[in-house]
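Please consider the model shown below.

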Amino acid sequence: MLEVCPSIAVEEKPLIDVQFLGIGDKADPARMIFSTPAGRAINASVIDMGDRFRLLVNVVDAIEQPKPLPKLPVARALWRAQPSLATASEAWILAGGAHHTVFSQALSLEDMYLYGEMNDIEVLVINEHTQLPAFKDALRWNEAYYRMKR
């Protein structure tokens with residue numbers, strides 16, 4: 001929620017401001033306020049599948065903020081999910097994707113594959129080539145593979 005690395009604010013200096021939070025019955029926190037630049041990025045989530053971990057990665061295209069967002073006093077990244085919002089959302093849900101994710105413009109899909117390989121973590125990717133029937137097949141094949149591997 002408030003855990004954002006300012007290194008993604010390459011085009012502007014982050015503003016630090018204390019603003020009303022309204023939850024948690026705590027003091028209002030200082031927040032960094034900035035927007036990310038346009039460009040290729042990834043959105044990733046690690047999911048505990050019970051018998052293994054799954055790294056789910058959606059390749060996204062960060063886009064310029066269309067207008068100022070003065071009532072959103074936080075770090076902001078606006079993106080278009082690949083291949084489309086409808087397909088990416090359905091694939092994300094089918095794969096058990098979490099709502100806590102990592103957004104990065106510094107890491108690549110290749111980095112995610114390498115991380116998965118180094119740590120024996122299943123890697124599933126949603127990108128411009130994703131088609132739901134094939135994605136569902138990959139989920140089934142992976143499930144069979146990991147059951148047999150045990």
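Helix H1 is followed by Gly-96, whose phi is positive, near 80°. Helices (H or I, at least four residues) and strands (E, at least two) are DSSP runs, numbered from the N terminus. This is a predicted model, in which local features need pLDDT of at least 70 and side-chain atom pairs count only at pLDDT 80 or more, while totals for chains, interfaces and linings use all residues. Residues are numbered from 1 along each chain as its sequence is written, and side-chain values use heavy atoms, with hydrogens and water left out.

Within H1, residues 85–94, the buried residues are Thr-87, Ala-88, Ala-91 and Trp-92. They lie on the same side of H1 because they cover an arc of only 130° around the axis, taken from the directions from the helix axis to the C-beta atoms. The face turned away from that side carries Leu-85, Ala-86 and Ile-93, which are exposed. Here buried means under 20% relative accessible area and exposed over 50%, with a 1.4 Å probe and protein chains only. Among the elements that cover the buried residues of H1 are strands E3 and E4 (53–63) and helix H3 (132–149).

Strand E3 (39–48) also contributes to the lining of the second largest pocket, as do strand E7 (102–104) and helix H2 (109–118), each with at least two residues. The largest share, four residues, comes from E3. Among the lining residues are Ile-42, Leu-55, Asp-111 and Tyr-115. By class, the lining has eight nonpolar, two polar and one charged residues.

Notes: 1 Å grid on protein atoms, 1.4 Å probe; cavity = no way out; pocket = protein on both sides within 12 Å on 5 of 7 lines; lining within 4 Å. Nonpolar A, V, L, I, M, F, W, Y, C, P; charged D, E, K, R; others polar. Contact = heavy atoms within 4.5 Å.
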